[in-house]
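Hi,

Here is the structure I promised to pass on.

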4 protein chains.
Amino acid sequence: MSPRTEETNQRIREEQRQHILHAARKLFAHRGLIATKMTDIANAADVSYGLAYHYFKNKEEIFTTLVERALDGTVSIMEQARSMPGTPLDRITWLGSQMLEGLKDQPDYTMLVLQTFTSEAVPQRLRERALEQSMAFLDTLRQLIVEGQEAGQIVAGNPDYLASAFSACMQGLAVGHTFYGSVYPVYPDLNTIMHLLKP
Amino acid sequence: MSPRTEETNQRIREEQRQHILHAARKLFAHRGLIATKMTDIANAADVSYGLAYHYFKNKEEIFTTLVERALDGTVSIMEQARSMPGTPLDRITWLGSQMLEGLKDQPDYTMLVLQTFTSEAVPQRLRERALEQSMAFLDTLRQLIVEGQEAGQIVAGNPDYLASAFSACMQGLAVGHTFYGSVYPVYPDLNTIMHLLKP
Amino acid sequence: MSPRTEETNQRIREEQRQHILHAARKLFAHRGLIATKMTDIANAADVSYGLAYHYFKNKEEIFTTLVERALDGTVSIMEQARSMPGTPLDRITWLGSQMLEGLKDQPDYTMLVLQTFTSEAVPQRLRERALEQSMAFLDTLRQLIVEGQEAGQIVAGNPDYLASAFSACMQGLAVGHTFYGSVYPVYPDLNTIMHLLKP
Amino acid sequence: MSPRTEETNQRIREEQRQHILHAARKLFAHRGLIATKMTDIANAADVSYGLAYHYFKNKEEIFTTLVERALDGTVSIMEQARSMPGTPLDRITWLGSQMLEGLKDQPDYTMLVLQTFTSEAVPQRLRERALEQSMAFLDTLRQLIVEGQEAGQIVAGNPDYLASAFSACMQGLAVGHTFYGSVYPVYPDLNTIMHLLKP
DNA sequence: CATGAATGAGGGTTCATTCAT
DNA sequence: TATGAATGAACCCTCATTCAT
């Protein structure tokens with residue numbers, strides 16, 4: 001009865017959605033929600049802008065979908081780091097490697113979360129969730145650091161300072177890579193960064 | 001006829017300019033060039049939007065003025081760090097303290113430079129200058145690090161990695177403070193950050 | 001190869017056409033040509049919007065088909081009233097009963113004709129025809145009224161006024177029923193309305 | 001301090017508002033909320049469409065303002081008819097004369113209320129208020145008719161039918177005048193219409 | 001110097017219509 | 001016959017900017 005099978009349509013839909021999301025990610029990461037035009041997204045995805053509205057209610061929904069994906073990723077890593085076996089240093093090292101890898105592969109996602117804070121146009125709900133997640137992340141990190149200090153594996157000092165510095169470093173790398181990664185494509189290795197926390 | 005002396009007018013002009021610039025800084029830092037509306041700036045500065053056009057040709061000029069001010073500040077610090085007397089570590093430490101202080105007092109300026117990269121609306125010239133400056137800053141930092149390593153004051157390792165990590169840390173702090181400084185107002189002290197470079 | 005006979009296809013075609021027309025009628029009557037979306041029509045008819053274009057060239061054609069059907073109905077009644085035997089009052093009474101019945105059964109059709117006047121999107125030709133028909137109807141009515149007055153069956157007075165009032169009453173009932181028929185489902189009987197014309 | 005006095009601005013604002021409302025009234029009455037474009041309103045009012053947004057939040061607000069004005073007018077007439085001295089017939093006659101006059105002067109307002117029912121775009125609140133008002137009006141009318149019947153001044157018969165027919169007649173005149181008033185500019189006089197209710 | 005009325009380019013979004021399957 | 005993916009014209013609205021006062 002159906003001219004294209006339902007299955008085919010399903011596949012097309014899913015592919016196009018991902019296609020558009022992928023194109024939007026880079027743009028949102030670089031320019032933010034407001035400064036990114038739907039036309040830009042459509043052009044980057046090589047579809048008409050009308051089609052984008054076939055798949056997403058509006059620009060905000062594309063943005064929100066992406067940011068939630070990013071937040072989910074962070075949550076997942078955080079939970080693993082908290083619950084995994086090993087010494088505190090092992091776990092912080094694992095966490096750091098995950099983050100650094102994420103930054104290298106997709107610095108966009110980190111920038112997206114930051115963009116969440118830069119515009120009134122972002123739905124309040126999303127901004128709140130992003131903020132909570134960020135705070136939760138710092139908390140987890142601080143907790144691991146305290147444990148590490150107790151085990152003598154982490155340098156002494158205010159754990160808030162250490163968590164803040166470590167996290168800032170990661171965040172700064174994402175920002176840096178997004179904006180001058182093409183001109184200065186240097187990524188420090190994990191050792192360099194972990195040195196921040198070593199005794 | 002005129003109840004105001006020319007001098008008074010001069011003073012008023014200058015005060016209003018600064019007033020508007022000051023109001024615009026926070027807004028641009030948080031929202032970027034495009035998402036910041038002239039009305040917002042005028043409201044924040046408590047003047048009519050028409051008046052803003054007496055003092056600045058357009059929105060771009062306000063933005064440009066602010067970014068150039070920020071870049072000039074960076075250049076000045078950089079040059080001092082390069083030419084000042086003392087051991088390499090002394091000079092890096094001084095540079096770090098200047099940056100950290102700047103971030104605490106006015107994280108806006110750092111964000112402004114980042115915003116420069118986020119929008120096509122920014123004049124090409126300005127973006128180029130900001131990029132050059134950023135690269136020059138990393139270069140200076142790397143140079144000091146190399147000198148410090150030769151003097152045995154800085155930890156061994158790829159100086160590019162070290163410079164990149166150190167710089168990312170500072171940048172990350174600015175971003176973090178701008179966006180969740182009000183919720184998580186923790187600033188690491190200089191020692192914590194300098195630990196990144198210590199042997 | 002084809003499991004369906006040509007005849008069956010014929011029947012399906014005709015049924016679907018009527019189905020779509022029926023669904024469109026209510027929507028057009030309530031919302032007008034522009035505010036009624038093809039998607040709405042398709043949904044109401046329980047077909048895909050693509051299918052609607054198999055049966056009709058475009059939205060305008062659906063609207064036009066419906067309005068013409070409405071106008072044809074009016075013409076037919078008018079002609080019968082003009083040519084039927086009986087006293088003038090008999091014929092006016094018959095005309096009134098036909099109208100009232102039509103309004104009760106399908107107030108949509110009357111509204112459709114009104115909608116014809118509300119939008120530039122309606123083809124000029126159709127609007128003109130609707131206007132002509134309306135004028136012709138008033139003319140016929142006035143003619144019957146004059147005859148009735150001569151026969152002493154209709155109250156004295158300006159026949160234009162009488163025709164206009166009588167016609168307005170009918171039109172008003174259609175409008176009223178369409179828009180608050182569900183809240184105030186009262187229909188006056190023919191006697192009440194005919195009283196307008198009785199001596 | 002102010003270049004134009006506040007008073008002057010006040011006046012300009014008020015004049016322009018009325019100007020735009022006036023232009024919008026005819027258009028909304030003829031075409032409804034959705035089919036009336038802001039550009040049309042602006043053109044009719046001889047201002048840029050941007051200016052319309054200086055004075056009204058959006059198209060809906062213009063429409064709402066007009067409809068509320070119309071409803072207020074109806075309420076006022078209704079209340080006067082209910083509370084004024086005189087016999088029931090006197091009061092119905094006064095009510096009829098007010099309505100007929102209103103229809104002649106500004107059939108637009110009556111059409112506006114009808115348009116309220118034709119589009120989902122109209123705020124629910126407004127539609128509800130319009131419906132209530134319409135029902136209240138019919139109620140008032142029916143009440144007066146009952147009193148008139150008791151006084152022997154109104155023809156016997158179902159008062160709901162009488163009220164409905166009388167009201168339909170008025171409404172139909174507004175519709176008719178709006179849509180073919182220019183071609184058939186006949187208005188029945190009050191006597192013709194009142195005959196509907198006379199014994 | 002200061003205000004805010006006025007303009008219109010530009011961007012978000014809707015929806016009629018086409019067309020591959 | 002039937003579907004819905006895809007396109008783009010057209011409309012709503014925002015906001016940078018101009019200018020009369």
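Before the rest, some housekeeping. This is a predicted model, where local features need pLDDT of at least 70, side-chain atom pairs count only at pLDDT 80 or more, and totals for chains, interfaces and linings use all residues. Residues are numbered from 1 along each chain as its sequence is written, chains are lettered from A and ligands numbered from 1 in the order written, and side-chain values use heavy atoms, without hydrogens and water.

Searching the whole structure gives twelve aromatic pairs over all chains (ring centres of Phe, Tyr or Trp, its six-membered ring, within 6.5 Å; planes under 30 degrees apart are stacked, over 60 edge-to-face, the rest tilted). One of them is stacked: Phe117(C) and Phe179(D), with centres 6.0 Å apart and planes at 20 degrees. That pair joins two chains, because Phe117(C) is in the loop between α6 (107-116) and α7 (124-150) of chain C and Phe179(D) is in helix α8 (residues 159-180) of chain D (helices are DSSP runs of H or I, at least four residues, numbered from the N terminus). Phe117(C) counts as buried at 11% relative accessibility, and Phe179(D) does at 10%.

Back to Phe28(D) and Phe63(D): they pair edge-to-face, 5.0 Å centre to centre with 85 degrees between the planes.

Elsewhere, ring pairs link Phe117(A), Phe179(B) and Tyr180(B) into a cluster.

Cheers

Notes
Buried < 20%, exposed > 50% of the residue type's maximum accessible area, 1.4 Å probe, protein only.
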